[in-house]
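User: Could you walk me through how to read helix packing and ligand contacts here? I'd like the general idea and then the case at hand.

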Amino acid sequence: MNNGYDVIVLGLGGMGSATAYQLAKRGRRVLGIEQFTPAHDRGSSHGRSRIIRQAYYESPVYVPLLRRAYELWRELEIETDRRLMLTTGGLMIGAADSAVVRGSLGSAREHGLAHELLNSAQIRRRFPAFRVTDEVALYEASSGALFPEACVAACLDRAAEQGAELVFETPVTDWRAMSAGVEVEAHGVTYRADRLVITAGAWAGKLLADLGLPLVPERNVLFWFDPAANRASFAPGAFPVFIWDQPGYAFYGMPDLDGSGVKAGFHHSGIRVDPDNLDRTVHESETAAIRERLAQCIPDANGPLRSSVVCMYTNTPDENFVIDRHPLYPQVSMAAGFSGHGFKFACVVGEILAGLAMEGRTAYTIDPFRANRLLLPTTH
Ligand SMILES: Cc1cc2nc3c(=O)[nH]c(=O)nc-3n(C[C@H](O)[C@H](O)[C@H](O)COP(=O)(O)OP(=O)(O)OC[C@H]3O[C@@H](n4cnc5c(N)ncnc54)[C@H](O)[C@@H]3O)c2cc1C
């Protein structure tokens, strides 16, 4: 038996590592439990880079959280003296009335965010790698890349330095809410704490099965290509992070951040998976599909394939997050369903969860992320 923890954090990926860090910083006695190794590549928080941006096309409700995320990532960079983020500028490309362009413009205007609206001739002049025809784009100078493995490692290290106990390669097999506190089973050991935070990524649906939340893990592939021509036009500074709204799935990419190639991927695949039985082989048909998109849109990036890796999204029906206390057990909080756009928020999600777990509230607006919106009336 292990007693005496204020809070157990179940899952130490993007969200859990940040939550453990925030709780330890507040002086809480934290136990973090992770089934794999620190900053592993089996979940959703690997692949060398993640886009961070503020003119959020998905909804303006995210903008206050993004402002805070930028502050917290910078603070963590200073605290750890590590580089976690690189500002490259970002292009949100599409037809003028596309969700990506219209949505990012709406967020920029509502929140007074610095941005430029570029027509296709201006895009071609400033960023000649993009083969646009009649698309427009919102350009945001503050957009850029986060380095997810470094971010997770920084949070874990700061959590441990401030007293958090972190155990790895320890899958949690069960948890129970008691009349007071919680019990968590892992490796035949029962851990007890006053509170539990579940940040289990693609496994959240399994750990919260009783609740019946519609959380759907989805397989997605990241690719890195050596430029076929004009290598210098893909360097950070010359080439922005981008999301390009197109029929079918949008696609996105990154400059060649560290010599490992230009990154590209589709935002969604439609392939539903079981996280415990994930096909991690990247198939030729998948490489062919992204090559076809590159050949059409960024032909100079379509050179030799350097590497590729499988990663998982966890989708909700409305693609908004779930960040809430458990509807049945107030001592349990959870964050899941990040629908392929959560990493940039991890540091602020940690702050929100630390507040929800210990004080039952947060100063941030999380109404759009409440679990109840996704639950059938009979289940709560
Ligand atoms: C291909 C791809 C591209 C993306 N691009 C972007 C982007 O550009 N920008 C952006 O903001 N977001 C992006 N995302 C989304 C973002 O990376 C995710 O939303 C985020 O990483 C989710 O973090 P998480 O903590 O919920 O999941 P994870 O990081 O997977 O953490 C969950 C953890 O819980 C652990 N766990 C689960 N079950 C158990 C158990 N029973 N016992 C112990 N441990 C357990 C897992 O091992 C894992 O470590 C992308 C995701 C992918 C896959």
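User: What is the handedness of the crossing of α1 and α5?

Analyst: Left-handed. Keep in mind that we're reading a predicted model.

User: Okay, and how do I describe the packing itself?

Analyst: In general, you describe two packed helices by the angle between their axes and the distance between those axes. Here, helix α1 (residues 14-25) and helix α5 (residues 148-161) have axes that come within 8 Å and cross at roughly 30°. Angles under 35 degrees count as roughly parallel, so α1 is roughly parallel to α5.

User: Which residues of α1 and α5 make the contact?

Analyst: From α1 you get G14, S17, A18, A20, Y21 and A24, and from α5 it's V152, C155, L156, R158 and A159. Sorted by class, this α1 and α5 contact has eight nonpolar, two polar and one charged residues.

User: At what angle do α1 and helix α8 pack?

Analyst: About 55°, with the axes of α1 and α8 (residues 346-359) 7 Å apart. That angle makes α1 oblique to α8. The crossing of α1 past α8 is right-handed. On the α1 side, look at G14, M15, A18, T19, Q22 and L23; on the α8 side, the contact residues include A346, C347, V349 and G350. The class count for α1 with α8 is nine nonpolar, four polar and one charged residues.

User: And where does α2 meet α5?

Analyst: Pick out W73, L76, E79 and T80 in α2; their partners in α5 are C151, A154, C155 and R158. The axes of α2 (residues 63-80) and α5 come within 11 Å, crossing at roughly 65°. This α2 and α5 crossing is left-handed. In class terms, the contact of α2 with α5 has five nonpolar, one polar and two charged residues.

User: Now the ligand. Which residues come nearest to it?

Analyst: There are 34 residues around the ligand, and E34, H40, S45, I51 and C311 come nearest.

User: How do I read the polar atoms there?

Analyst: For R50, a polar side-chain atom sits 2.8 Å from a ligand oxygen atom. For I51, a backbone N or O atom is 2.7 Å from an oxygen atom of the ligand. F343 also uses the backbone: one of its polar backbone atoms lies 3.0 Å from a ligand oxygen atom.

Methods: Residues are numbered from 1 along each chain as its sequence is written. This is a predicted model: local features need pLDDT of at least 70, side-chain atom pairs count only at pLDDT 80 or more; totals for chains, interfaces and linings use all residues. Side-chain values use heavy atoms; hydrogens and water are left out. Axes are lines fitted to C-alpha atoms, for helices over the stretch in contact, and angles run from 0 to 180 degrees between N-to-C directions. Helices (H or I, at least four residues) and strands (E, at least two) are DSSP runs, numbered from the N terminus. Angles under 35 degrees count as roughly parallel, over 145 as roughly antiparallel, 65 to 115 as roughly perpendicular and the rest as oblique. A crossing is left-handed if the near helix is turned anticlockwise from the far one by less than a right angle, and right-handed if clockwise. Contact means heavy atoms within 4.5 Å. Ala, Val, Leu, Ile, Met, Phe, Trp, Tyr, Cys and Pro count as nonpolar, Asp, Glu, Lys and Arg as charged, and the others, Gly among them, as polar. A residue is near a molecule or strand if one of its heavy atoms lies within 4 Å of it. A polar contact is a pair of N or O atoms within 3.5 Å; within protein, one must be able to donate a hydrogen and the other to accept it, and residues adjacent in sequence count only if both atoms are side-chain atoms.
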